[in-house]
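Thanks for making time. I have one model to go through, and I will keep to what can be computed from its atoms.

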Amino acid sequence: MEITAFTIHNPKYLQHHPIEEDYFLFNGERDRVILVVADGITRDPVKTSWLPAFDDKEAIKKAVKNYPHPSPARLAAEMFCKVFVKEAKNFNKLQSLSTLFEKANSEIAKLNKELRVDYLENDFGACVGAGAIIENNTLYWGFLTDCGIAIFDSEGNKKFQTLDEGPSKLIDREAEERKTSWRDPTWRAYARKQYRNNPLEKNAYGAFTGESNALHYLRTGTLKLEKGDFVVVYSDGMLPLLTGSTLIAHFSDLKETFKKNAEKIAGSEGTIVALQHS
């Protein structure tokens, strides 16, 4: 069984956000395979209220210099993956897979324990993520927001894919109606507080911040696998590149193939962990 796993950066965004905030792990011990990906949620730079315009190179350099190190987003993503793998090793099919995500979220809460949240430079260290366990030809899967899982058969036909439940475009529309944008600190603070992990808001989305309401947005399930199926766990940046034909033709050199098309990645980076089931 061959597992391929990597993160690729979109070169168009390297000057804007050179810090890697995706994270992944996999484990193939015994008769159980574990795959997990997390996408750290980018924080505000310190002492930078209005975010720079995309083409303002000097302001971007200053913002990058003021970005927190280590990145709280990266720490949350790493914590999520490590806890998921640790808990998945002892997973019992009689228990709910949601308990693994709940445990990971509770550990992220510890990262934010001393934080005085202002939803700007002191926002939560957070991530979204997706994880899978394969055992006895059964796939146990779970995801939050816009990380996901996809299954392709041995001929490259898509058999299953989780929904993209990322932030609603209606949030962007509201910003337009208010004649503002994500650059505006007042709008960012409002949007994060109003739309993240808020079950009372119909357009809200989930994030592993350590808040218990994050689990309201968790989705889990099981699927039977057939020999030759491709199982892919990914962050949303990889969605533009993820096709069955690519998996079949280039699985052995998938990283190099995706690198050649890195400018198609959605956002600054994308991560994938994939295998062909045998």
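This is a predicted model: local features need pLDDT of at least 70, side-chain atom pairs count only at pLDDT 80 or more; totals for chains, interfaces and linings use all residues.

Residues are numbered from 1 along each chain as its sequence is written, and side-chain values use heavy atoms, with hydrogens and water left out.

Let me start with helix H2, residues 72-88. Helices (H or I, at least four residues) and strands (E, at least two) are DSSP runs, numbered from the N terminus. H2 has 17 residues and spans 24 Å from first C-alpha to last, close to the 24 Å expected at 1.5 Å a residue; the expected span is 1.5 Å times one less than the number of residues. At its start, a side-chain oxygen of Ser 71 comes to within 3.2 Å of the backbone nitrogen of Ala 73.

Which residues of H2 are buried? They are Pro 72, Ala 73, Ala 76, Ala 77, Phe 80, Cys 81, Val 83, Phe 84, Val 85 and Ala 88. Buried means under 20% relative accessible area, exposed over 50%, and partly exposed in between, with a 1.4 Å probe and protein chains only. These residues pack against strand S2 (22-27), strand S3 (32-40), helix H3 (98-111) and strand S4 (127-135), where contact means heavy atoms within 4.5 Å.

Now the core. A nonpolar core is a set of buried Ala, Val, Leu, Ile, Met, Phe, Trp, Tyr and Cys residues joined through side-chain atoms within 4.5 Å. The largest has 46 residues, and Phe 80, Cys 127, Leu 139, Ile 149, Phe 208 and Val 231 have the most contacts inside it. Elements that each supply at least two residues of this core include S3, H3, S4 and strand S5 (138-144). H2 gives the most, with eight residues. Apart from this core lies another, of 18 residues, among them Phe 230, Val 232, Leu 242 and Ile 272.

Phe 208 is worth a look on the screen. Leaving aside neighbours within four places in sequence, its contacts include Phe 80, Phe 101, Ile 108, Cys 127 and Leu 144.

Next, the helix pair. Helix H4 (residues 169-177) and helix H5 (residues 185-195) pack at about 145°, with axes 12 Å apart. Axes are lines fitted to C-alpha atoms, for helices over the stretch in contact, and angles run from 0 to 180 degrees between N-to-C directions. Ile 171, Glu 174 and Ala 175 in H4 meet Trp 187, Tyr 190 and Tyr 195 in H5. Asp 184 caps the N-terminal end of H5, with a side-chain oxygen 2.9 Å from the backbone nitrogen of Thr 186.

Finally, the backbone. Most residues other than glycine have a negative phi, and most peptide bonds are trans. A cis peptide bond, with omega about -5°, joins His 69 and Pro 70, and Pro 70 sits in the loop between helix H1 (57-65) and H2. Asn 137, in the loop between S4 and S5, has a positive phi near 65°. Lys 179 has a positive phi of about 55° and belongs to the loop between H4 and H5. Is Lys 179 buried or exposed? Lys 179 is exposed, at 78% relative accessible area. After H5 comes Asn 197, with a positive phi near 55°.

Conventions. A polar contact is a pair of N or O atoms within 3.5 Å; within protein, one must be able to donate a hydrogen and the other to accept it, and residues adjacent in sequence count only if both atoms are side-chain atoms.
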